[in-house]
Amino acid sequence: MKPISLAQLKELAWTAMLYGLALGAIAMLLWPLLTVFGNGVQVLSWEFLSSSPVDAGRGGGIAPILVSTLGIVLVSLAAALPLSFGVAVMLTEGFKPGGWPATVVRCSLDILAGVPSVVFGLFGLSLFCRQLGLGYSILAGGLTLACMILPTLARSLAFSLEAAALAHRAGGAALGLSRQAVLLRVMVPVALPGICAGIVLALTRALAETAVLLFTSGYSDRMPESLLDSGRSVSVHIYDLATNVPGGTPNAYGSALALLLLLALLSFAVHALTRWMQRRMTGTTTGS
């Protein structure tokens with residue numbers, strides 16, 4: 001048996017270290033997930049998902065809270081997605097690459113993406129709740145969340161469109177297509193997976209947000225009848241049960257597990273919609 005050389009020992013040490021770091025990262029991710037699952041699965045049931053909370057959330061379920069959360073998220077995406085797409089198109093097609101207008105817009109988006117959520121909460125409280133008269137409502141919370149996720153979403157969409165432009169803009173121009181046709185018929189279908197990733201990232205931040213919604217959407221755990229009603233999100237409900245309600249920890253774990261399942265369901269729906277849109281825009285079929 002040949003002796004192991006020093007170079008081989010170094011390679012084995014580096015390989016072991018990399019595998020150890022990878023396993024450590026996986027363990028750090030799985031630990032909270034398994035903790036939430038192990039404690040939440042005992043509470044999670046159809047009755048828990050379809051009934052209203054009672055006794056300050058110690059009993060009952062989270063049906064009104066799920067409805068309020070979906071309303072807040074849908075309002076935020078409906079407001080932020082068109083604006084983000086417009087900013088991304090402006091950065092990709094409207095401004096000269098490397099010019100000062102594009103640089104200023106990108107720097108502004110990066111700065112806004114790093115603003116603490118509590119600042120956006122105060123902004124939403126001042127503008128939407130008070131000046132615009134929306135009060136503590138699902139609409140005010142969704143619009144404030146839209147302001148918060150817009151910078152991240154716009155940057156994600158811009159990166160996707162820029163990558164598609166580098167690969168396909170010259171080909172479209174060689175075929176005599178207009179810039180609008182290249183954008184809508186070539187670049188957007190190619191960039192759809194990146195756009196989907198940006199939307200999922202925005203969904204993740206919107207579903208996990210607490211501070212913004214404490215300032216804007218209110219604290220009510222009743223079933224909302226319109227977007228102008230106050231509504232408590234799942235993240236706010238978890239915070240309340242874990243910190244303010246004695247004996248509310250079991251239902252807090254159940255709500256956390258329901259939130260993870262909701263995120264997974266919405267992510268799957270976004271990916272499925274993206275694949276369908278990509279097939280429609282490129283003229284391909286499922287079997288092709």
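**Close-up views of a predicted model**

View 1. Once its neighbours within four places in sequence are left aside, R232 is in contact with I65, S68, T69, G218, Y219, S220, D221, H237 and D240. R232 itself belongs to the loop that runs between α8 (211-216) and α9 (234-243). Because its relative accessibility is 6%, below the 20% limit, R232 counts as buried. One of the residues in contact with R232 is H237, and the side chains of R232 and H237 are joined by a polar contact of 3.1 Å.

View 2. Is S235 buried or exposed? S235 has a relative accessible area of 7% and is therefore classed as buried, the limit being under 20%.

**View 3. Q180 in helix α7 and its separation from E93.** Q180 is found in helix α7, which comprises residues 179-208. The relative accessibility of Q180 is 57%, so that this residue counts as exposed, for which the value has to be over 50%. Although Q180 and E93 are 87 residues apart in sequence, the C-alpha to C-alpha distance between Q180 and E93 is 9.4 Å.

**View 4. The interface of domain 1 and domain 2.** The domain assignment of the protein divides it into domain 1 (6-43) and domain 2 (47-280), and the C-alpha centres of these two domains lie 30 Å apart. In this view, 8 residues of domain 1 are in contact with 8 residues of domain 2. The area buried between domain 1 and domain 2 is about 640 Å², and carbon and sulfur atoms give 85% of this area. Which three residues supply more than any other three of the area that domain 1 buries against domain 2? They are V36, N39 and V43, which together supply 66% of that area.

View 5. On the side of domain 1 that touches domain 2, the residues divide into 5 nonpolar and 3 polar, with no charged residue.

Note on methods:
Residues are numbered from 1 along each chain as its sequence is written. This is a predicted model: local features need pLDDT of at least 70, side-chain atom pairs count only at pLDDT 80 or more; totals for chains, interfaces and linings use all residues. Side-chain values use heavy atoms; hydrogens and water are left out. Domain bounds come from an automatic or database domain assignment. Contact means heavy atoms within 4.5 Å. Buried area is the accessible area (1.4 Å probe) that two parts lose on being put together, summed over both. Ala, Val, Leu, Ile, Met, Phe, Trp, Tyr, Cys and Pro count as nonpolar, Asp, Glu, Lys and Arg as charged, and the others, Gly among them, as polar. Helices (H or I, at least four residues) and strands (E, at least two) are DSSP runs, numbered from the N terminus. Buried means under 20% relative accessible area, exposed over 50%, partly exposed in between (1.4 Å probe, protein chains only). A polar contact is a pair of N or O atoms within 3.5 Å; within protein, one must be able to donate a hydrogen and the other to accept it, and residues adjacent in sequence count only if both atoms are side-chain atoms.
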